[in-house]
Each structure stands twice: as C-alpha cells, then as structure tokens.
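Here are my notes on this model, point by point. Have the sequence and the 3D view open while you go through them.

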Amino acid sequence: MTACAIEPSAESGNDGAPRPGCDITAEGAYAARLARRGDSWYPERWTLDGPEPYAVPLPGNQPEEPGTEVQPMADGRVLVHRVAAGRHLFSLLYPTGPGTGELPLGAVECPPDTTGVRLLPPVPGGERAYALAVGPRATVLWQVAGAAFGPERLAEIPGRCSGGVWLDGGGRILALDRETGGRVKAVAVDLERDGEVSPLLQIAPDSDDRILLADPDSGLVLIRSDAPSPGRERLGWGVLGSALPVRFPECLHLPDCVVTPFAIQPGQALTPERCAVALRVDGPFGSWVGVWRPAERRVRHLPAPEGWLAGAGLWTPDGELRLLCSTPQLPCGVARLTPRGAGEAAPRGVGEAAPGGVGGAASDGIGEAASDGSGEGPGDGTREGPGGRPGGGAQGDGSKEEDEAAPRPPRPVPLQQAPLGRRVTK
C-alpha cells in the first residue's frame with residue numbers, strides 16, 4: 001500500500017486494506033458474496049467456469065446481518081460465518097430446487113477478550129476453510145470446514161495476527177502478519193506441523209512488514225512495508241527463495257491513493273518478473289484498475305468496468321484479467337480484459353475487452369504513471385530452488401526415501417536478509 005491521506009473505509013480489513021466485493025475460489029470456478037435486495041441481505045453464489053457466469057441466491061430462513069462472512073467452496077457450496085449471542089456459527093449453504101439447504105458445521109466460542117474472528121482467504125483445493133480468532137496476546141487458528149467433527153482448534157500463535165496468504169498450491173503453508181512488541185512481521189505457519197511458526201519477512205528491525213499476495217507457481221510475493229519511508233507504507237515485491245532484496249518500485253508509489261494488489265497471473269513458473277499483477281486503486285474520485293509487472297517501469301491504469309465489485313477478479317495463465325461486475329441490467333457478469341504486456345507495441349490509449357464482457361472496453365494506458373522506476377529486467381529476482389522451481393526453500397527433514405514417497409512443499413526462505421543499504425526503489 002502506498003502512503004495515502006485517505007482514511008480506510010468501514011469496509012477495510014483489519015490491516016487497513018479495502019475488502020474485495022466478493023471472494024473467489026483459488027481455482028476460479030466459484031465466487032460468493034453477500035447480496036442485498038431492499039433491506040435484506042442474503043448469500044449469493046456465482047458460477048464462473050461455464051460458458052456464461054450465473055448467480056444463485058441462497059437466502060436462509062431469515063435475512064443475514066450485514067457483517068456476515070461468506071466464502072465459496074470447491075464443490076459449489078457456500079460457507080457462512082454468523083455471530084449470535086457471542087458465538088461464531090459456521091454452516092454450508094447449497095441450492096435445493098427452489099430453496100436453500102443448510103448444513104450446520106458447529107460453533108466456535110471465544111474468550112471475552114477476543115477482539116474478532118474472521119475467515120481466512122479460500123484455500124487452494126477448496127475443500128477446507130480456516131478462521132483466525134484474535135486475542136490481545138495470542139491468535140488461535142481454527143479449521144472451520146473440512147474437519148471430521150466440526151470446528152477444530154489447530155494452533156495458538158503468540159501475538160496478534162492479521163492478513164492471510166497461502167504460499168503453496170496444497171494449502172499447507174500460510175503467511176500471516178503478526179504483531180508483537182509493537183511491530184508487524186510476516187511469519188509462515190505450517191499446518192501439517194501443528195502450526196509451526198517461522199520467520200518470513202523482516203526488512204528492518206523497526207519496520208512493519210506485511211505479505212499482501214503470493215503466487216505459488218512463481219514464488220512472486222507482494223509486500224507492504226514502511227522500511228524505505230519510515231512512517232509511510234509502500235508496496236514492494238520479492239521472490240521466495242531469491243538471494244536479492246525486496247524492491248519498492250517508484251511507479252507503485254501513488255500519492256493520495258490506496259493501492260491494493262488483488263490478483264497475480266498464475267503459470268509463470270520460471271519468470272516471476274513477468275507475472276501480471278492486478279491492482280485496485282482507490283483515489284479521491286473513485287476506484288479503478290491498475291496492471292503492473294515487475295519487469296515494467298510503469299503501471300497501466302484502466303477505468304473500472306461498470307458495476308465492478310471492487311477488488312474482485314482473477315488472471316488466467318494466458319494473461320486475461322477477469323473482473324466480476326454487477327449492474328441492475330446484468331446482475332452477474334464478468335469483464336474480460338487483455339492488457340498488453342511488456343515489449344508489446346500498442347497505440348496509446350488503446351485497450352482490449354473480449355466479446356461478451358461487461359462494461360465498456362478498458363483503455364490501456366489512460367493516466368499512466370509517467371515516472372520511471374520499476375522492477376528489474378528479465379531474469380532478475382529469479383533463483384531456482386529444489387527441482388528447478390524458482391523460490392524453492394529448504395526442504396523439510398526426512399530421509400530421501402520419505403521425500404520420494406511423499407514430497408513436501410518447499411519451505412519458504414525468509415525474506416529478511418534485505419538491509420536498507422541494499423534496498424532497491426526502482
């Protein structure tokens with residue numbers, strides 16, 4: 001996030017970043033949001049992997065509260081998190097002909113000093129779901145869907161945790177932003193080792209360093225830190241396992257705006273610097289879309305499609321950005337944009353939108369950041385880990401036979417060897 005004079009809205013997350021208009025499964029097949037009809041709120045599931053997107057309303061026996069959390073699962077059901085009489089209730093909703101079926105999963109009861117319980121982002125695979133219960137001195141990690149006998153307490157993590165980013169494609173390694181001693185540092189939590197916690201990101205001892213987004217294919221991570229500008233947070237990027245320090249491109253520093261990355265192009269296993277990153281930009285006059293690649297020296301600013309559920313979207317491996325939109329005329333739609341990549345010639349002000357998309361064609365290059373300062377060129381920031389994968393960390397303990405029988409995901413190498421004297425701001 002850049003330095004900004006705008007106060008976070010009531011829809012901001014606990015780290016100050018705006019919340020997306022809805023959640024999308026890691027594989028992009030389903031989405032879910034809390035929709036509104038008149039004064040009544042109800043969960044709504046979107047199906048995205050068919051010829052045309054369509055929405056299915058899932059109203060319960062009574063309207064939902066505005067703060068109810070919803071999350072899509074890989075099988076098409078929708079997880080709902082409600083609060084009643086101090087208890088946190090979890091259920092799975094699914095369509096049953098004209099009505100809505102509901103499978104109660106159980107409740108989580110927290111101590112009175114718990115400051116909040118919230119769902120973590122959808123897990124790769126979509127068969128499980130997790131939540132954080134934050135207390136004044138520790139955070140409890142719960143598995144709230146996919147467990148054998150209702151919600152299961154997995155681990156207690158010292159400190160107040162926020163954020164939540166999955167670092168691998170199997171839903172095993174979770175990055176959290178942990179506050180201890182008045183500072184925030186990102187840590188990695190291994191769910192298959194009883195919630196074992198290890199350092200992940202520390203740029204300077206007195207800086208606040210958060211993980212915002214990660215791509216398991218390439219190892220590219222987007223971070224937010226005040227290390228390069230004490231007292232003012234800036235966006236940066238790095239690669240898990242790289243020997244190079246985190247970079248803070250000047251083109252990502254947009255005064256008077258809140259910049260939030262929300263999607264990374266997958267499938268770029270050997271070229272993290274060429275992954276396209278979608279940005280939500282919130283300024284004094286509204287919200288729009290930014291597209292940036294570490295190998296480029298600019299952000300491409302695109303007008304948001306009509307009815308965009310701000311912050312909701314995903315990339316396809318071939319570089320198509322899909323943004324979820326809802327208007328009175330088309331309540332369930334997807335705008336399909338194909339921003340041009342680095343080195344591709346395009347007339348200034350020209351963009352592309354695939355046929356059938358929602359909203360007008362997004363103009364490529366409108367309001368482009370003119371200042372130089374980007375990530376490095378092709379090849380920079382990439383280091384192959386075990387098995388030729390960039391960003392691979394040290395393997396876990398175990399014999400060679402055990403590794404061949406049941407390979408473990410690479411442990412992330414801490415991004416903490418980045419002294420300020422070597423920081424890159426271009």
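1. Burial first: I call a residue buried under 20% relative accessible area, exposed over 50%, and partly exposed in between (1.4 Å probe, protein chains only). On that scale Cys-251 is buried, with a relative accessible area of 1%. Cys-325 counts as buried too, at 0% relative accessibility.

2. A word on the source. This is a predicted model, in which local features need pLDDT of at least 70 and side-chain atom pairs count only at pLDDT 80 or more, while totals for chains, interfaces and linings use all residues. Residues are numbered from 1 along each chain as its sequence is written, and side-chain values use heavy atoms, with hydrogens and water left out.

3. How many disulfides does the structure hold? Zero, taking a disulfide as a pair of cysteine sulfur atoms within 2.5 Å. For Cys-325, the nearest cysteine sulfur is that of Cys-332, 9.9 Å away.

4. Strands here are DSSP runs of E, at least two residues, numbered from the N terminus (helices would be H or I, at least four).

5. Ile-264 deserves a click. Which residues is Ile-264 in contact with, leaving aside neighbours within four places in sequence? With contact meaning heavy atoms within 4.5 Å, the list is Leu-213, Ala-214, Asp-215, Leu-220, Leu-222, Cys-275, Ala-276, Val-277 and Trp-315.

6. Gly-283 lies in strand S21 and counts as buried, at 14% relative accessibility. Gly-283 and Val-258 are 25 residues apart in sequence, yet their C-alpha atoms are 6.6 Å apart in space.

7. Over to Thr-47, found in strand S3 (residues 40-47). Thr-47 counts as buried at 5% relative accessibility. Leaving aside neighbours within four places in sequence, Thr-47 is in contact with Ala-29, Tyr-30, Glu-52, Pro-53 and Tyr-54.

8. Two backbone spots to look at. Most residues other than glycine have a negative phi. Ala-85, not a glycine, has a positive phi of about 55°; this residue sits in the loop between S6 and strand S7 (87-96). Asp-256 also is not a glycine and has a positive phi, of about 65°, in the loop between S19 and S20. Buried or exposed? Ala-85 counts as exposed, at 84% relative accessibility, and Asp-256 as partly exposed, at 44%.

9. Last, the second largest pocket, with a volume of about 250 Å³. Of its 14 lining residues, Gln-62, Pro-63, Glu-64, Glu-65 and Arg-82 are the closest to its centre. Strand S6 (residues 78-84) gives the largest share of the lining, four residues. By class, the lining has four nonpolar, six polar and four charged residues, where Ala, Val, Leu, Ile, Met, Phe, Trp, Tyr, Cys and Pro count as nonpolar, Asp, Glu, Lys and Arg as charged, and the others, Gly among them, as polar. For the record, a pocket is an open set of points on a 1 Å grid over the protein atoms alone, where a 1.4 Å probe fits, with protein on both sides within 12 Å along at least five of seven lines; lining residues have an atom within 4 Å of a point. Points are joined across faces, edges and corners, and the volume is the space filled by probe spheres set on them.
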